[in-house]
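Have a look at the sequence and model first, then read on.

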Amino acid sequence: MRILHRGMTATLSIGVIGLLFAPLLQAQEYPPDITRGKTVYQRDCQACHGAGGWGDGPEAQALKIAPANFHRFSSFLKSDEELLRTIEHGVVFSPMHAWRGQLTDGEMQDAVAYIRLLSQRAR
Ligand code: HEC
């Protein structure tokens, strides 16, 4: 009887802890999934930013404002949040439009993780 009681208390506590953390887990789907980020990047970003993130995708030449080269120092210095904000809201007067509504928060975070990976790679 006592053992059963203890077991139930433990189950209950885990349940309560789970409830406390559930909203946090939903708000940000960490850790970012680089594989998913790669899928998103290749589908939506590569045409401009290039396969290696050098800003040299096939559509880049036709653009008046060159796509960001993620290897440049100024991109490197930006925080994940800054890059995320740019993806979310776009860059005014540039071909980089806002992706909010087209990509989920998770997909944008994954894309940032993939961009970070690309920017560490040599040519
Ligand atoms: C139509 C071409 C185009 C597409 C498609 C595109 N971008 Fe961009 N992107 C740009 C341009 C142009 C800029 C602005 C460059 C600048 O301001 O120097 C930019 C800037 C950025 C920046 C800011 C970099 C910095 O250092 O501030 C990020 C991050 C970014 N793009 C991510 C993405 C992601 C992720 C996708 C795909 C979901 C994407 N872009 C799709 C053209 C594009």
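**The iron site and its surroundings**

The iron atom of the ligand has an octahedral site, with angles of 87 to 179° among its six donor atoms. Octahedral here means six donors, with opposite ones over 155 degrees apart and all others between 65 and 115. For reference, ideal angles for six octahedral donors are 90 or 180 degrees. This is a predicted model: local features need pLDDT of at least 70, side-chain atom pairs count only at pLDDT 80 or more, and totals for chains, interfaces and linings use all residues. Side-chain values use heavy atoms, leaving out hydrogens and water, and residues are numbered from 1 along each chain as its sequence is written.

**Iron donors**
- On the protein side, the iron donors are His49 (NE2) and Met96 (SD), 2.0 to 2.2 Å away (donors are N, O and S atoms within 2.8 Å of the metal, or 3.2 Å for Na, K and Ca).
- His49 is in helix α3 and Met96 is in the loop between α5 and α6 (105-119), so the two tie together parts 47 residues apart in sequence (helices are DSSP runs of H or I, at least four residues).

**Polar contacts** (N or O pairs within 3.5 Å)
- A polar side-chain atom of Arg72 is 3.1 Å from a ligand oxygen atom.
- For Lys78, a side-chain N or O atom comes 2.7 Å from an oxygen atom of the ligand.

**The shell**
- The ligand is surrounded by 21 residues (a heavy atom within 4 Å), and the closest are Cys45, Cys48, His49, Ser75 and Met96.
- Helix α5 gives the largest share, three residues.

Technical notes:
A polar contact is a pair of N or O atoms within 3.5 Å; within protein, one must be able to donate a hydrogen and the other to accept it, and residues adjacent in sequence count only if both atoms are side-chain atoms. Four donors count as tetrahedral if all angles lie between 85 and 135 degrees; four count as square planar and six as octahedral if opposite donors are over 155 degrees apart and all others between 65 and 115; anything else is irregular.
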